[in-house]
Amino acid sequence: RDGQSAVSKLFELELEMVCNCTEAEEELQVERERMLRLPLHIDSKTNVIHDAIKNALNSQLQKNSPTLGRDAVYNVTGKISQLPPYLLTHFVRFYWRQD
């Protein structure tokens, strides 16, 4: 962490996101992402911050599967691999959805 700015040292977190296809056996895709704040989508079911963080780290998305040759549903599971001294959260009330 030497050579980083003071902001990065205090607020930067690292997420490890694992993406796997629910419809076919494919190799797991693992990505690491660094960010300064954790976006938390809140809805009518969100009562405490713990629920919002859990929802932010687990989601589903639809993307093209090379094995199936079509769009498929993928589960995305995240883990915080590096927690900063101060965790900044961004409470998002409205978000885009595909209808």
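Tutor: Start with L13, which is found in strand β1. Strands here are DSSP runs of E with at least two residues, helices are runs of H or I with at least four, and both are numbered from the N terminus. The model is predicted, so local features need pLDDT of at least 70 and side-chain atom pairs count only at pLDDT 80 or more, while totals for chains, interfaces and linings use all residues. Residues are numbered from 1 along each chain as its sequence is written, and side-chain values use heavy atoms, with hydrogens and water left out.

Is L13 buried or exposed? L13 counts as buried because its relative accessibility is 0%. Buried means under 20% relative accessible area, exposed means over 50%, and partly exposed lies in between, with a 1.4 Å probe and protein chains only.

What does L13 touch? Leave out residues up to four places away in sequence. Then L13 touches E33, R34, M35, L36, R37 and L38, and also I80, Q82, P84 and L87. Contact means heavy atoms within 4.5 Å. Take L36 from that list. L13 and L36 are 23 residues apart along the chain, yet their C-alpha atoms are separated by 6.2 Å.

V7 lies in helix α1, residues 6-11. V7 and V30 are also 23 residues apart in sequence, but 26 Å apart in space, C-alpha to C-alpha. V7 counts as partly exposed because its relative accessibility is 42%. Leaving aside neighbours within four places in sequence, V7 is in contact with E12 and L36. L36 is touched by L13 as well.

Step back to the whole strand. β1 covers residues 13-21 and is mostly covered, with seven of its nine residues buried. Which strands pair with β1? Two strands pair if DSSP finds at least two bridges between them. Strand β2, residues 29-35, pairs with β1 in the antiparallel sense over seven bridges. Strand β5, residues 70-82, also runs antiparallel to β1, and eight bridges join them.

Look at C19. C19 stands opposite Q29 in β2. In β5, the bridge partner of C19 is V76. C21 has a partner in β5 too, namely Y74.

Follow β5 onward. Eight bridges join β5 to strand β4, residues 58-65, and these two run antiparallel. One partner pair is N64 with D71 in β5. β4 and β5 form a hairpin with four residues between them, and in that turn G69 has a positive phi of about 75°.

From the N terminus on, the order is α-β-β-β-α-β-β-β. Of the 99 residues, 25% count as buried. Take contacts between residues at least 6 apart in sequence: 56% of them join residues at least 24 apart.

How does the overall size compare with a compact globule? A compact globule of 99 residues would have a radius of gyration near 13 Å, but this protein has 16 Å. That radius is taken over C-alpha atoms, and the globule rule is 2.2 Å times the number of residues to the power 0.38. Along the principal axes, the C-alpha atoms fill a box of roughly 45 × 35 × 20 Å.
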